[in-house]
Amino acid sequence: MSAAAGTRQLARLAARRDRIVLPVWLYALVGLAGSSAYSIRGLYPDQASRAGLVDAVGAAPTAAALYGGILNGSLGAITGWRVGVLGSVLAAVMSILLVTRHTRAEEQNGRQELVSAGMVGRYAFLAAALQLVLTANLLAGLGIAGVCALFGLPAAGSFALGLGIAGCGVVFAGLAAVTAQPTGSSRSASGLAFTLLGVAYLVRAAGDMSTNSWLLWCSPIGWFEQVRAFGGDRWWTLALPLAGAALLVLLAGWLLGRRDYGSGLLPARLGPDRAGPGTRGVTGLAWRLHRAQLAGWAAGLFAMGAVFGSFAKDVSAFSDSARVQKVMAELGGTQNLADAYLVTINGLVGLLAGGYAVSVVCRARAEESGGRAEAVLAGAVTRTRWLLSHLLIAAAGSAALLVAAGVGAGLGDGLRVHDVPGTLRTLIGAALAQWPAVLVVAGLAVLLFGLRPTLTNAAWGPLGLFVFLGLIGPELGLSQAVLDLSPFVQVPRLPGGHLAAAPLCWLAALALCLLTAGMAGFRRRDLG
């Protein structure tokens with residue numbers, strides 16, 4: 001029997017299982033390109049307005065950190081700037097989740113062992129997952145190219161844009177296949193892959209914000225920028241993601257052949273024979289389940305804050321540009337460029353902390369669906385106490401992440417302006433102002449968990465909407481009423497803005513109502 005026997009059937013099974021999720025991902029990627037191409041044509045109808053945008057973005061480190069640089073003033077180049085980096089990150093996230101779901105997760109829950117009892121080869125699950133993800137990225141790339149060409153953009157640049165984004169997704173599919181081998185669980189595999197994605201994003205941002213353009217060659221996301229869609233269309237650069245993905249897939253296959261089924265290459269570490277004081281009780285159990293993930297998120301956000309904070313001082317060098325002041329004021333809500341820059345970074349940190357809170361609630365759902373919560377609740381632990389233990393980690397952990405990002409930014413900026421204590425106080429407080437909005441995101445996840453547990457993972461949908469409204473909504477010219485749907489828009493824009501207590505109190509009250517309703521639903525429904 002071939003080592004890849006059964007790949008075609010497993011790929012069809014994976015496609016059927018993802019028949020709802022996969023079209024949503026494709027719609028998000030293609031819709032991002034289509035909506036951006038349409039809106040940019042209306043927002044910047046003439047060459048003068050586009051030239052002003054290019055000058056402003058070229059001098060604004062925040063825009064370069066988030067979206068990269070603009071190659072020229074054409075509609076295609078502006079569309080590529082608006083879509084490219086964000087689309088590459090979305091394609092990478094899609095690829096990581098799909099590969100992990102159909103490899104390590106299948107092995108962890110025992111379904112792979114059951115299927116492998118038939119005529120299925122050792123590498124069939126990995127090959128099927130990679131085949132599905134490669135097809136999904138190719139469809140996304142062709143869809144992006146098609147919709148951009150439909151809106152009148154040059155066909156060559158449209159295909160360069162679509163294939164560049166697809167190439168980034170394929171690289172991280174290979175990376176996820178590698179991280180699934182040394183780890184023993186799907187959470188560890190995806191967590192390691194997302195950590196590497198964060199590092200790649202930071203390296204790319206550092207390359208765009210500084211004169212060290214060689215850093216772009218060190219990141220798969222930077223490889224997309226080197227394609228230069230609508231600015232020269234360097235087709236040969238597409239060989240980089242293809243070669244990188246091929247090497248990663250070969251490495252993943254080699255590692256797969258050298259480990260036992262159901263385990264990772266790294267041996268499982270035996271725990272202590274007795275629980276320590278900090279891991280006793282239901283709260284200690286929740287802490288034990290979430291502490292590794294919290295540590296990884298905290299390290300990542302601290303590094304992110306330190307990198308972006310170190311560039312805050314350089315923003316003031318562009319204070320003489322009226323166009324830069326206008327762009328930065330729209331991004332940060334203040335005329336002080338350094339403060340506007342830090343406000344934008346704080347908003348991104350708040351969205352990431354919201355993602356952590358959602359992941360904690362999803363882990364609680366996994367404990368329930370896996371039958372482990374039932375064993376805990378069979379004793380003297382009430383449902384309310386069990387759920388509160390996870391919510392405590394979600395709330396306190398997200399606050400700790402905001403503090404970590406604030407400390408990183410405070411050190412990065414404070415060391416350059418020679419005022420570390422003052423900068424730390426200011427930026428930690430500014431980061432913590434995002435906490436009520438993060439609690440609203442957690443409340444939405446708990447509401448779904450309590451009322452419709454099978455839809456708990458759908459809590460990523462509202463968070464994705466908030467990301468869209470915060471990062472893309474203003475560019476699309478959406479009305480303020482639509483933008484106000486995001487709780488992160490209600491947060492005071494700090495530093496530099498006015499600290500208003502009313503919106504924070506309203507957000508906290510809304511979060512409390514959502515959490516209470518979700519807990520009430522959990523107490524009244526059946527487990528599982």
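## Salt bridges, aromatic pairs and a surface patch

R204 and E225 are joined through their side chains in a salt bridge with an N to O distance of 3.9 Å, where a salt bridge is a side-chain nitrogen of Lys or Arg within 4 Å of a carboxyl oxygen of Asp or Glu. Because R204 belongs to helix 10 (residues 186-209) and E225 to helix 11, this pair ties together parts that are 21 residues apart in sequence; helices are DSSP runs of H or I with at least four residues, numbered from the N terminus. Both R204 and E225 are buried, a class that means under 20% relative accessible area, with exposed set at over 50% and partly exposed in between (1.4 Å probe, protein chains only).

The model is predicted, so that local features need pLDDT of at least 70 and side-chain atom pairs count only at pLDDT 80 or more, while totals for chains, interfaces and linings use all residues. Residues are numbered from 1 along each chain as its sequence is written, and side-chain values use heavy atoms, with hydrogens and water left out.

The structure holds 10 salt bridges, and the table lists some of them.

| Salt bridge | N to O distance |
|---|---|
| D18 and R101 | 2.9 Å |
| R259 and E107 | 2.8 Å |
| R204 and E225 | 3.9 Å |

D18 is buried at a relative accessible area of 1%, whereas R101 counts as partly exposed at 32%.

For R259 and E107, the closest N and O atoms are 2.8 Å apart. R259 lies in the loop between helix 12 and helix 13 (281-309) and E107 in helix 6 (residues 104-108), so this pair ties together parts that are 152 residues apart in sequence. R259 is buried, with a relative accessible area of 8%, and E107 is buried as well, with 5%. R104, E107 and R259 are linked in a network of salt bridges.

Turning to the rings, a search of the whole structure finds 6 aromatic pairs, counted when ring centres of Phe, Tyr and Trp (its six-membered ring) lie within 6.5 Å, with planes under 30 degrees apart called stacked, over 60 edge-to-face and the rest tilted. One of them joins Y38 and F151 in a tilted arrangement, 6.0 Å centre to centre and 55 degrees between the planes. This pair links distant parts of the chain, since Y38 is in helix 2 (residues 21-43) and F151 in the loop between helix 8 (124-150) and helix 9 (155-179), 113 residues apart. Y38 counts as exposed at 60% relative accessibility, and F151 is partly exposed at 28%. Elsewhere, ring pairs link W386, F449 and F522 into a cluster.

F449 is also among the contacts of R365, a residue of helix 16 (residues 337-369). Leaving aside neighbours within four places in sequence, R365 is in contact (heavy atoms within 4.5 Å) with F449, P453, T454, T456 and G528. A polar atom of the R365 side chain lies 3.3 Å from the backbone oxygen of P453.

On the surface, L138, L142, F159 and W235 form a nonpolar patch with about 370 Å² of accessible area together. W235 lies in the loop between helix 11 (220-227) and helix 12 (239-256) and counts as partly exposed at 39% relative accessibility. Such a patch is made of residues with over 30% relative accessible area and no salt bridge, nonpolar side chains (Val, Leu, Ile, Met, Phe, Trp, Tyr) being joined within 5 Å and like charges within 9 Å.

Terms used. Areas by Shrake-Rupley, 256 points an atom, 1.4 Å probe, with all protein chains shown as cover. Helix = DSSP H or I, 4+ residues; strand = E, 2+ residues; numbered from the N terminus. Polar contact = N/O pair within 3.5 Å; in protein donor to acceptor, adjacent residues only side chain to side chain.
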